[in-house]
Amino acid sequence: GQLKMPLFGMDIGGTLTKLVYYEPTNFDEFDLKERETLQTIHKYLIGNTAYGKTGIRDVHLEMGNQTICGRNGKIHFIRFPTAQMSAFIDLARGKNFSGLASGICATGGGAYMFEEIFKKTVNLTLHKYDELECLLKGIHYIDRHNPSECYYFSNPRDTGCSEKLPFDFHNPYPYLVVNIGSGVSILSVRSKTDYSRVSGTSLGGGTFLGLCCLLTNCETFEEAIELASKGDSTNIDKLVKDIYGGDYDKFGLKGETVACSFGQMMSQDKRKSAKREDLARATLVTLTNNIGSIARMCAKTEKIERVVFVGNFLRVNEISMKLLAYAMDYWSNGSLKALFLQHEGYFGAMGCLLEYLQ
Ligand code: ADP
């Protein structure tokens, strides 16, 4: 019969909207009217890797040869700033998205916030799903279908010679998920269906970007990361050795440990000589270490050893990944393992597409 399936899963977050597009290998099974719309949308999406000024298709993440609902196809991953939603809505109108019988599956806060606008302006129904449920569904699916999805850093204590290695995540339970988006959510996952949100913090990726823009006048996340990669946070932070002159032996604190983030900035001279790069680096290190520290406490309370970090904060951000790998290992005396996933910020959108199919 007629193939009724959603081709999109959309996760409308506080900063970025993530769109997962499922491209069926052939369109023959769709009815004629649907097929026309699908092919228009398809040509536009696949014919480009950038949409407008800010939309991007992450070609390196696409997954071919995927069987969904008994049909073969390819999965594409697209993102754009949520602030540009009106441009997406215009596009949906222009390409007649509402000609698709099934509407669009959406998750994230924006699924609620934009529901009415979608209905009113493009007559498109958003099928809404819970974002954390989608996140876990997405992780499960993508991990099972992409052999090199999960990885960790070898030698986490020696960031100079640590390298990415694949991790076998096939018997993953129990594990902790630390989703670092604009804000942070931490989930304890004991089985496919047994999970809870155990903690979170408002000091997340959005805080990093917001503070970094304030402190350095940078404009984008990429620029913030680029600056940070050239900076030295020890010009900004106060370390244990800046206070003790060396290690604080009695409690095993090394001189290199940060005692007070941004602690040098109380001095006017130090403020004057602070470079943008150093400020960006200190902001990144401060936010990352805070998240790592909360994650570690959650892992301890939950008695869980594997901590999976996801969310777009980790995009093009190996500095934070290595810091988290170091922090998990060092502060737990090697009992905690930091894990990372290639599709970083796309699990919610992926899970959202799958939710509808069930
Ligand atoms: P949300 O669902 O809250 O939007 P994401 O998982 O998409 O969360 O992560 C958003 C965070 O990712 C931002 O706060 C920022 O730190 C980081 N980030 C990575 N790439 C970008 C980008 N191109 N634009 C803005 N923020 C980005």
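Colleague: How many residues surround the ligand?

Modeller: This is a predicted model, in which local features need pLDDT of at least 70 and side-chain atom pairs count only at pLDDT 80 or more, while totals for chains, interfaces and linings use all residues. Residues are numbered from 1 along each chain as its sequence is written, and side-chain values use heavy atoms, with hydrogens and water left out. A residue is near a molecule if one of its heavy atoms lies within 4 Å of it. The closest residues are Thr15, Leu16, Lys18, Ser182 and Arg315, and the number surrounding the ligand is 17.

Colleague: Which element gives the largest share of the shell around the ligand?

Modeller: Helices (H or I, at least four residues) and strands (E, at least two) are DSSP runs, numbered from the N terminus. The largest share of the shell is 3 residues, and these come from H6.

Colleague: Which residue places a polar side-chain atom 2.9 Å from an oxygen atom of the ligand?

Modeller: A polar contact is a pair of N or O atoms within 3.5 Å; within protein, one must be able to donate a hydrogen and the other to accept it, and residues adjacent in sequence count only if both atoms are side-chain atoms. Leu16 has a backbone N or O atom 2.9 Å from a ligand oxygen, and Phe313 has a backbone N or O atom at 3.2 Å from a ligand oxygen. The residue with the polar side-chain atom is Asn312.

Colleague: What percentage of the ligand's exposed area does the protein bury?

Modeller: Accessible areas come from the Shrake-Rupley method with a 1.4 Å probe; for residues, only the protein chains shown count as cover. Taken alone, the ligand exposes 570 Å², and the share buried by the protein is 88%.

Colleague: How many salt bridges does a search of the whole structure find?

Modeller: A salt bridge is a side-chain nitrogen of Lys or Arg within 4 Å of a carboxyl oxygen of Asp or Glu. Arg57, Glu62 and Lys74 are linked in a network of such bridges. The search of the whole structure finds 15.

Colleague: Why are Glu116 and Lys120 separated by about one helical turn?

Modeller: These two residues form a salt bridge, with their closest N and O atoms 3.1 Å apart. Both Glu116 and Lys120 are exposed; exposed means over 50% relative accessible area, buried under 20%, and partly exposed in between (1.4 Å probe, protein chains only). They are separated by about one helical turn because they lie 4 residues apart in helix H4.

Colleague: How many residues apart in sequence are the parts that Glu355 and Lys137 tie together?

Modeller: The side chains of Glu355 and Lys137 meet in a salt bridge of 3.0 Å, N to O. Glu355 lies in helix H12 and Lys137 in helix H5, so the pair ties together parts whose separation in sequence is 218 residues.

Colleague: Is Glu355 buried or exposed?

Modeller: Lys137, at 24% relative accessibility, counts as partly exposed. Glu355 has a relative accessibility of 13%, so it counts as buried.

Colleague: Which side chain of opposite charge is nearest to Glu149?

Modeller: Lys and Arg count as positive and Asp and Glu as negative; His and the chain ends are not counted. Glu149 makes side-chain polar contacts with Asn146 at 2.7 Å and with His343 at 2.8 Å. Glu149 is buried yet has no salt bridge. The nearest side chain of opposite charge, 10 Å away, is Lys164.
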